[in-house]
Amino acid sequence: MSTVPNGVDAHFAASVFAAVDIGASSGRVMLGRVSPEGVALETVHRFPSGVVERDGGLRWDFDGLFAEVIEGLRAAATVAAVQGETIASIGIDTWAVDYGLVDAAGKLVAQPFSYRDDRSRAAVQTVHATLDPARLYQTTGLQFLQFNTIYQLASERNLDGLQALLIPDLIAFLLTGVRRTEATNASTTGLFDAVAGEWATEFFTALGLPKDLFPPLIQPGEAFGNLKPDIAAAVGLPAETTVVAVGSHDTASAVVAVPATADNSRDGFAYISSGTWSLVGLELKRPVITEASREANFTNERGVDGTVRYLRNVGGLWLLSECQRTWAGEGFQPDLAALLAAAAALHAGGPQINADDPDFIAPDNMPDRIRAAVRRTGADLANDPAAITRCIMDSLAAGYARTITAAERLADRQVAVVHIVGGGSQNALLCQLTANATRRPVIAGPVEATALGNVLVQARAAGAATGGLALLRGIVATGTSLHRYEPLVSVSQGSPQ
């Protein structure tokens, strides 16, 4: 194999891979072209992916989502054909914890519940009465969240004869006919052994769940299988087109694309995958499953190449998007850039909230809930979009700083730089406030980290890229425009400088 210094096989220049990347509010299908200059992404199809009220709960319109995936793959095939290219493989990533139940014939028995539905709250006490939370953490290393898969499953009835497929695995199954559970997403279920890297079968038994409720595990880089003939015909791709497991938990793919260089990775880096949620943490070789880590509510989730994503979920830009939705319903639709500029012009030191409070999980009137949360702290917040936006940004930055400091202490690591990837990397105010709060440089970008990580794992599986995560990250750093924010020692205003 002939490779160039950044680990890209020169003979695979402009290799093309399809990335299906679905978040909690929108999805897209992208083409990724890998060359010695980096990875070039092209969006060929976008679609919404919000929750709907159906059958007594908040559910995903999965049938609609899958139809959009098919439409996106059809668009990808068309674009590639026009360019005279062949799509080497397809990779799928989505949010974590949610699943669909399929019967022996492979039929989806109901549209999957969303983690934003409140049904699992009542199951928490039931699970903890059977499995002590300390024991759960010692095995799974998983952060407690009331919507973790284990609590959702504890609220189910009549699971005999059914299998649970996590959302990206459900899509892969419908494309290939192969049932597997990708490991990075399996690690978010609360039923996965963080040390052994296998299902914690004793928990299935204790909770009365079928031991074969989930299909066998598959690792990032392994193949699910080829497209089913009817699917291949429907999207216009060859039947031998392979669906490859990537870091199917979108954060696992995003962390692959953190452009950490050899210099800053030697001293350690923190990452913030900033989008609907903020995932804030460190990359480790081994899980941290101490009691102190459990009390701090840190999670140990699987990463690509057997790494550990040691992190906490912190509130994210969901807070702002929900505010915008409420304001739009009231007839006020401010331009986002203007809104952030107005927020940046306000003085520092304003009121803050706990951005990851469970009260903010469900959709509702977010501005009112934020102002109520401020009042509970003894402060007051004006009913003004700029002031509410600044409160969100200050609160997120403060939450990031607290989380990174705690992760350093619990994992006995030192962080030299903070990487923000995802949609939040475009938010200059948030990036500067994070640099100020953490007192460390912030490197912002890439925006499309999840899709890049998805494509790079596929590329390596195909032989188009070689080496470990450091080399894959070098490819990202080579081909991405990054912005660096230095911490400001004395800040009277939040405006980036």
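How many of the 11 residues of helix α14 (residues 366-376) are buried?

**Entry 1: ground rules.** I am reading a predicted model, where local features need pLDDT of at least 70, side-chain atom pairs count only at pLDDT 80 or more, and totals for chains, interfaces and linings use all residues. Residues are numbered from 1 along each chain as its sequence is written, and side-chain values use heavy atoms, with hydrogens and water left out.

**Entry 2: helix α14.** I found that eight of the 11 residues of α14 are buried, so this helix is largely enclosed by the rest of the structure. Buried means under 20% relative accessible area, with exposed over 50% and partly exposed in between (1.4 Å probe, protein chains only). Helices (H or I, at least four residues) and strands (E, at least two) are DSSP runs, numbered from the N terminus. I listed the buried ones: Met366, Pro367, Arg369, Ile370, Arg371, Ala372, Ala373 and Val374. Their cover includes α12 (318-329) and α15 (385-411). At the N-terminal end, Asn365 caps α14, with a side-chain oxygen 3.0 Å from the backbone nitrogen of Asp368. Just after the helix, Gly378 takes a positive phi of about 90 degrees.

**Entry 3: α13 and α15.** Next I looked up how α13 (residues 336-344) meets α15. Their axes, lines fitted to C-alpha atoms over the stretch in contact, come within 8 Å and cross at roughly 75 degrees, on a scale from 0 to 180 degrees between N-to-C directions. The two helices are therefore roughly perpendicular, a term for angles of 65 to 115 degrees. Among the residues that meet there, I noted Leu339 and Leu340 in α13, and Pro385 and Met393 in α15.

**Entry 4: the sheet.** I traced six strands in an open, mixed sheet, ordered β3-β2-β1-β6-β14-β13; strands pair if DSSP finds at least two bridges between them. β3 (38-48) and β13 (223-226) each have a single partner strand, so one side of each is left without a neighbour in the sheet. In the parallel pair β1 (residues 15-22) and β6 (residues 87-93), I found five bridges, and Ala18 stands opposite Ile90. Helix α17 (residues 449-462) packs on this sheet, its direction making about 140 degrees with that of β1.

**Entry 5: the cores.** Which residues touch the most other members of the largest nonpolar core? I got Leu73, Ile171, Leu175 and Leu227, in a core of 79 residues. Such a core is a set of buried Ala, Val, Leu, Ile, Met, Phe, Trp, Tyr and Cys residues joined through side-chain atoms within 4.5 Å. Helix α1 (residues 62-82) gives the largest share, nine residues. Apart from this core lies another, of 53 residues, including Leu320 and Met366.

Terms used:
Contact means heavy atoms within 4.5 Å. A polar contact is a pair of N or O atoms within 3.5 Å; within protein, one must be able to donate a hydrogen and the other to accept it, and residues adjacent in sequence count only if both atoms are side-chain atoms. Angles under 35 degrees count as roughly parallel, over 145 as roughly antiparallel, 65 to 115 as roughly perpendicular and the rest as oblique.
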